[in-house]
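Thanks for coming. I have one structure to show today, and I will keep to two topics.

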Amino acid sequence: MEPNVRFWITERQEKIEKSRQLLLTNEDAFIHDLEDRRVQEAWKRSLSTVHPDNSKLIPVPFRPAALLPFTAPMIFLSMLSVKSLKSLILPQVSFYTYTTAFNIVNGNASYNRRPHESLLLGTGVIASSSFFGLLPHLLQMRLNNMLLKKALPIIILTHISAMNVVAARSLEPIRGIEVMDKEGNVMGYSRKAGTKAVKDTAMSRIVLFGTSAFIPEVFSHFFVRTQFFRQYPWSLWTFKLSCTVLVMGLMVPVSFSMYPQIERIQCDKLEKEIQSATEETELFYNRGV
């Protein structure tokens with residue numbers, strides 16, 4: 001059984017939180033031998049760098065910790081009001097290229113998937129996401145309503161980010177993903193678990209990118225009315241970029257913790273053949289990130 005999976009199944013979020021509180025409140029908790037510290041550090045590195053389905057190292061640019069530095073500048077550039085559509089093509093394509101690759105790499109990898117399938121699927125998702133991502137900016141140039149001009153790109157970005165997850169990981173609901181008992185024994189491949197995994201991840205992206213795009217726009221709306229902006233108009237870019245990085249820095253851990261990486265599902269909600277294969281009332285599966 002993959003060590004990361006065993007860790008997430010046996011160590012519930014609640015237990016981890018209680019352990020952390022114990023470390024903070026118990027003065028004797030800091031007296032650990034070197035071996036314990038090495039084990040703890042090894043767990044941290046393993047959980048953040050190794051894929052729980054295939055035990056392969058996740059490429060550095062697509063590890064969860066890399067999402068913020070890569071996507072925050074892209075969101076900032078994508079939300080700028082520009083007169084030329086050409087200047088938005090590169091930020092949009094870059095953003096959806098990265099997020100598509102991130103979703104595929106960090107998705108469930110327990111089902112049979114050939115490399116060329118991921119490549120073809122990713123190319124199609126990038127092209128369609130970039131196209132629909134540019135549409136609101138094209139409409140924005142023809143709108144006179146200021147509120148709608150500001151809101152439309154945020155709404156579209158939020159929806160496309162969710163659909164990007166659904167499309168990039170569309171093979172999971174089709175082929176099914178591994179579901180296992182608490183001992184790590186695979187009970188079968190469930191399309192229903194795959195659907196739930198993709199749906200929950202898409203919801204977390206709505207929260208992440210929707211909030212990260214909305215709040216800086218609200219703050220910027222009030223910032224342009226200040227005396228400071230009138231004296232230094234160029235400061236808007238710095239202010240908006242700083243807001244985007246700050247808000248997204250807060251929302252990344254929030255969105256990642258909305259659902260556990262290893263989720264549980266009631267056995268009676270799965271396919272009949274899986275229900276007949278086990279007496280367990282609940283099973284586990286890797287939701288991905």
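Predicted model: local features only at pLDDT ≥ 70, side-chain atom pairs only at ≥ 80, totals over all residues.

Let me start with the helices. Helix 4 covers residues 67-78, helix 11 covers residues 235-256, and these helices pack with their axes 9 Å apart. At what angle do helix 4 and helix 11 pack? The angle is about 135°. Angles over 145 degrees would count as roughly antiparallel, and 65 to 115 as roughly perpendicular. Helix 4 and helix 11 are therefore called oblique to each other. Their crossing is right-handed.

Which residues make that contact? On the side of helix 4 they are Leu67, Leu68, Thr71, Ala72, Pro73, Ile75 and Phe76. Helix 11 contributes Trp237, Lys240, Leu241, Thr244, Val245, Met248, Gly249, Val252 and Phe256. Sorted by class, the contact between the two helices has 12 nonpolar, 3 polar and 1 charged residues.

Now the salt bridges. How many salt bridges does the structure hold? There are 6, and I will go through some of them.

Take Lys196 to begin with. Lys196 forms a salt bridge with Asp200, and the closest N and O atoms are 3.0 Å apart. Both residues sit in helix 9, which spans residues 191-223. Lys196 and Asp200 are 4 residues apart, or about one turn of the helix.

Lys196 also has a salt bridge with Glu263, at 3.6 Å from N to O. Here the partners come from separate elements: Lys196 is in helix 9 and Glu263 is in strand 3, residues 262-266, so this pair ties together parts that are 67 residues apart in sequence. Put together, Lys196, Asp200 and Glu263 are linked in a network of salt bridges.

Are these three buried or exposed? The cut-off for buried is under 20% relative accessible area. Asp200 has 7% relative accessibility, so Asp200 counts as buried. Glu263 has 5%, so Glu263 counts as buried too. Lys196, with a relative accessible area of 30%, is partly exposed.

Glu282 pairs with Arg264, with the closest N and O atoms 3.4 Å apart. Glu282 lies in strand 4, residues 282-286, and Arg264 lies in strand 3, so the pair links distant parts of the chain, 18 residues apart. Arg264 has a relative accessible area of 42%, which makes Arg264 partly exposed.

That is all I have. Thank you.

Technical notes
Residues numbered from 1 in each chain as written. Heavy atoms only, no water. Axes fitted to C-alpha atoms, helices over the stretch in contact; angles between N-to-C directions. Helix = DSSP H or I, 4+ residues; strand = E, 2+ residues; numbered from the N terminus. Parallel < 35°, antiparallel > 145°, perpendicular 65-115°, else oblique. Left-handed = near helix turned anticlockwise from the far one by under 90°. Contact = heavy atoms within 4.5 Å. Nonpolar A, V, L, I, M, F, W, Y, C, P; charged D, E, K, R; others polar. Salt bridge = Lys/Arg side-chain N within 4 Å of Asp/Glu carboxyl O. Buried < 20%, exposed > 50% of the residue type's maximum accessible area, 1.4 Å probe, protein only.
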